[in-house]
Amino acid sequence: MKSPFCSLSFSLSFGIQDDHRLSASELETKYGTSISEGLSSAKAAQVLARDGPNALTPPKATPEIVKFLKQMIGGFSILLWIGAVFSWISFGIQLAQGTVSFIDQLYLGVVLALVVILTGIFAYYQEAKSTNIMASFSKMIPQQALVIRDGEKKELPADQLVVGDIVEIKGGDRIPADIRLIFAQGCKVDNSSLTGESEPQSRSCDFTHENPLETKNIAFYSTTCVEGTATGIVINTGDRTIIGRIASLTSGVGNEKTPIAIEIEHFVYLVAGVAISIGVLFFIISVSMRYKILDSIIFLIGIIVANVPEGLLATVTVSLSLTAKRMAKKNCLVKNLEAVETLGSTSVICSDKTGTLTQNRMTVAHLWFDNQIYSADTSEDQTTQPFDQSSPSWTALSKIVTLCNRAEFRPGQENLPIMKRVVVGDASETALLKFAEVILGDVMNIRAQNKKVAEIPFNSTNKFQLSIHKTDDPNDERFLLVMKGAPERILERCSTIMINGKEEPLDSEKAEAFQTAYMELGGMGERVLGFCHLYLPENEFPDTYSFDTDSMNFPTSNLCFVGLLSMIDPPRSTVPDAVSKCRSAGIKVIMVTGDHPITAKAIAKSVGIISATSETVEDIAKRLNIPVEQVNWREATAAVVNGMELKDMSSQQLDEILCNHSEIVFARTSPQQKLIIVEGCQRQGAVVAVTGDGVNDSPALKKADIGIAMGIAGSDAAKNAADMVLLDDNFASIVTGVEEGRLIFDNLKKTIAYTLTKNIAELCPFLIYIIASIPLPIGTITILFIDLGTDIIPSVALAYEKAESDIMNRRPRNKRKDRLVNEQLAIYSYLQIGIMQSVGAFVTYFTVYAEQGFLPSTLLGVRVNWENNAINDFEDSYGQEWTKYQRTYLQWTGYTAFFVSITIQQVADLIIRKTRRNSIFQQGNKVIWVGIFSQIGIALILTYGLGHVTALNFTPLRFQYWFVAVPFAILIWVYDEVRKLFIRRYPGNHLHPIFLSKENITNFPISSLLLQAGGTRTCIIKTHPHHCLLPPYGDLLPLLTKPLLLECPVCAISSMGSPHDGVKEFHDYEKK
Amino acid sequence: MHLSSELLQKRGNNPRSQENKQDEEVWVPDRRENETRANMGSKTWADLAAEMKIFLWNPEEKTCLGRTAKSWGLILLFYFVFYTCLAGMFAFCMYVMLLTLSPYTPTYRDRVSPPGVMIRPYLNGFTIAFNVSQPNTWQPYVDSMHHFLAAYDDKVQEEKNIECISGKYFIQGGNESEEKKACQFKRSLLQNCSGIEDPTFGYSKGQPCILLKMNRIIGYRPGAGVPVRVDCKVQKGNESDLRAVDFYPGNGTFDLMYYPYYGKFTHVNYTSPLVAMHFTDVKRNNLVPIQCSLNGKGIINDLNSDRFLGRIIFTLSIGK
């Protein structure tokens, strides 16, 4: 596997100079700067001119003109161009021959070219609009940096920084460039966006490591300073920073075609194939029927135009952007329109833990005091805590929690809910502060009343934090010593333990209870802290006693143990529901996290990624009390894979794991391993969605079929690489996105079926015109008015259709089987509904001609004379004589009538396409009415409003002709209702291919599988509340997943009916 | 690492592994497809041809194009029934529609009126060009005229048609289906242009006759009581190119008695009245565009889009 990271650390360390080794004064000379004075403005301007602004060059976008041209020749455009060119060629030939009367051809060519250009511009505009949303999004917050220049401190936009600038950083800032630190005080940086490690790392001015990536005296661009302050010299800016280099590596990972792009391509090929083969076939037929080559070319153009759904691609774009808008409302910002559908076909989601599945803040989850574990509320908006607070032990514990804590609320947030207030302090202390604030109220006030007299902050050697306070009880002159820290360390220092407010000696039994509780809480993946206190005797420590924290002139042992508190980054409350939705939607959720396996597993269990009943190999070993090696690995449905294991695995072994476990957690993984996991999933044929926020995630985001970046926590590089941005960082938003994506796929199917149908009604006139030599029933221009006029709004209206069944209850579509346009859909549209439409339209056509004096029998074979310009006394069936123009005008009336009939029947088509299985009476959609009215309205305007513009070939039509095709419209509707009834009543019937139902079979909700218990030995698959699928159901077997089968009681899938290989395999399969 | 390697080891010695393996064969369809897909890349043309052959006719499963005979039969049967029904419905609709039509008069005549105009002789267009001295250049025109006027022979007319009262519409009431009488239009009425005295219709003298006829429209009464008159002028050119035209019969009018027309089923022997234009003095050796138009109430002769409505434009080119 070739990962961009193989060469990463090499190229990066190569890139960073030796700056971390140099002393401050050497740096000053190297960059021509002064640590106290900074650069001069002139020098800075000079460097800025040389190096360019301190910003990442956005990934090289395709030039706008290329994008535009792509729209011009993409899809069907090429066919239309061919049509236009043919028109011009035939015009040229006619011009050369001296027949001037064929201006029509020039005109048609221009119209076709115009159609291509206009639809191209439209598609380009849509595309550009969605790109712009993204662009505006990334520009929202301009970053500022505090710089010393000309000896003064200045706030400058971060992109004005140059190499050699002296910048000051404080907690909460984003590092504005790669910086070599020259002064640091308690500085900690969060490098997670770079390395994926979530623990803040301390930074100092010391050169600690040869590798510039490891050394402590360099802080990297786009990471955040968590606490402390620092000053440093800018050593790299813009694309030359580490982040810049990773971002440029990302562009090396190829962009794959989205599933919907593949589908649309497939569809275009299908339709273009039909168009070209029919066109060529009839070209040959017409040539062999001794039509002139020129005429044959004109026929060819007509056939191509009739076959190409000109408006469809624009409609698809509109539908996708409508969905994108809807998704944006649900916090999924889609960068690439096509990604809308990709999310719907997703079969694997590789999700981050922190921030996506969890709330990204430590929260107190459990307490242990009085020998009992209490759970705390961990939801997002806790306002009270429900556990028992009457015990005096709790009072003592709460006091320690409140006092032994350095975290503080930033001032001025009194009106905000506690959970949303900003806190200065580390994650655990913040959790404790908020916890205390919720229960006790004004913590700061309590602290003020219990004045702090001494304090030892937490450090990693003694692993505790201690402070000494005056108490708020005026009668009590004793000092209170409070301490918190690693539980085992705290316990070591205690000799008593508080039970129900009374100090009791800490005997082995009580120590055992402590151990059990500690193990239990730790086993839940929680971070546990121990708390103890001691009231210092008044006589030894009088009011005036001066505490010295360096010499520790106070007791730090024989304290009184009070209790334990455990904290975790709790799952978001919406996530478990979302995960279970994913499950029923057949989407595998894989957790990929840098966290410890135990924590990862605990969160996975609590959100349902690992379901309650499933076990890992280790769990089984523990339950059966056998070594891990003896466990049958196939019995374990879940797996927790450590990043260290992953490192040594071959891709085959990874495939085994991905294949054989339905519930997988990858823990302790580095972000680059994410890429390996994504590739593994893609090898299984899955459509993979990946969430990520860090810079290092960007290759995985790009590699994924759909990369989802986090809007809040995500870095710009991640957002750039992603196809979609989750504005609220919430996993549940992905699920709503999936739902929308699936819905749009279904609805696009409907749109396409709707659009394809009338192609036959447009094509048949040409074929019959050629074969039977009747006057042309419908003109090319008129066809364009259907495709780009009356049909557009209804096809978009179909995008508003609601889901027919619970779309989140079926498996993701199989990329290779569930096509957007399949054989059945094309055949049903073309050979059944399309033919009905043609027949209806022809009835109208013949009626119009007959009522004007041309009986059908007269019309056959008249083409040559009819179109002869010189014959101006053309005799009709009644002996009347017609001039050429009178005939042409009648022909236009015919066009209009044909047009109106198609429109009327398209209303019926729209109604039947609304639903694919359900009856029209079962499902309403108000937007469809807009479609119907717009369709009829546009037709009315064209016929009556523009009926006198001869160039458009419309004539005001007698009103009764609008109704000639109505019986056929009704026929179409009734026919399709019967078909739907048939499908609902007899699912799985072998006549289904004719009736467009194979797709329905593959999409039935599999979660409603019911296997009848006991001796009857039949398998019933529920496809509908009232209908069941009976054998034979060979097609369905691949859909029955193992977990589904396990859900069944005694399984007896019978091989009744037509035997199927798969059925035999499962004969008498028993639940384990 | 330990996880997967153990997993791999476990496969062999597990009593259930064999059974499980079968599960997997069934449950992982994607994978098998992947393999076939991977193989596709390395396929040769021969393989493809063989596959195509199997697709066309698979002797094992007896399928043609992937379907068995029974399946094909069912599909064909379905479409046969389906299209038969559709054809039936189409035929029924057409039948009902035709029932509503009158066999004698079309339902609407708005598109065919006002009348258009045509000329005879009509060969390949509207340019009449000949050299007087070369009979083969004008003989086709003469033949065309004779052929056209055959139906107007006095004998034929006298035999089939009746004499009518001139200057009055010949309105025949009675049942619509009754056969209608037609008025005589004798060739002799065309006098110099009748081809009786001068069988070359003046072409041999460089004074060609051209016949003008008005398109037939059922029930149409041209001129609203006043006969429609024909006149000719040079179209876009020197007026003096056309110095004299004689019109026959009368002053170049269509007598009212020939109207209205009742349709070809009842008005069987109807012959359209004609106006002959005798171009006695036209500039020689020159292309002379001439427009002849009908004049009368209700006649439209100035429509840009239809240059044959109430008028006709043709070019005379008479050489020596």
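This is a predicted model: local features need pLDDT of at least 70, side-chain atom pairs count only at pLDDT 80 or more; totals for chains, interfaces and linings use all residues.
Local features require pLDDT of at least 70 and side-chain atom pairs pLDDT 80 or more, whereas totals for chains, interfaces and linings use all residues; side-chain values use heavy atoms, without hydrogens and water. Residues are numbered from 1 along each chain as written, with chains lettered from A and ligands numbered from 1 in written order.

A:Gln852 sits in the loop between helix 29 (823-851) and helix 30 (856-859) of chain A. Helices are DSSP runs of H or I, at least four residues, numbered from the N terminus. Beyond neighbours within four places in sequence, its contacts (heavy atoms within 4.5 Å) include A:Trp882, A:Arg958, B:Tyr108 and B:Arg111. B:Asp110 is also in contact with A:Gln852. A polar contact of 3.1 Å links these two side chains; the term denotes N or O atoms within 3.5 Å, one able to donate a hydrogen and the other to accept it, and residues adjacent in sequence count only if both atoms are side-chain atoms.

A:Thr755 belongs to helix 26 (residues 731-772) of chain A.

The largest nonpolar core has 218 residues. Such a core joins buried Ala, Val, Leu, Ile, Met, Phe, Trp, Tyr and Cys residues through side-chain atoms within 4.5 Å. Among the members touching the most others are A:Phe731, B:Leu212 and B:Phe314. Helix 26 of chain A supplies the largest share, 19 residues. A second, separate core holds 34 residues, including A:Leu367 and A:Val423.

Terms used:
Helices (H or I, at least four residues) and strands (E, at least two) are DSSP runs, numbered from the N terminus. Buried means under 20% relative accessible area, exposed over 50%, partly exposed in between (1.4 Å probe, protein chains only).
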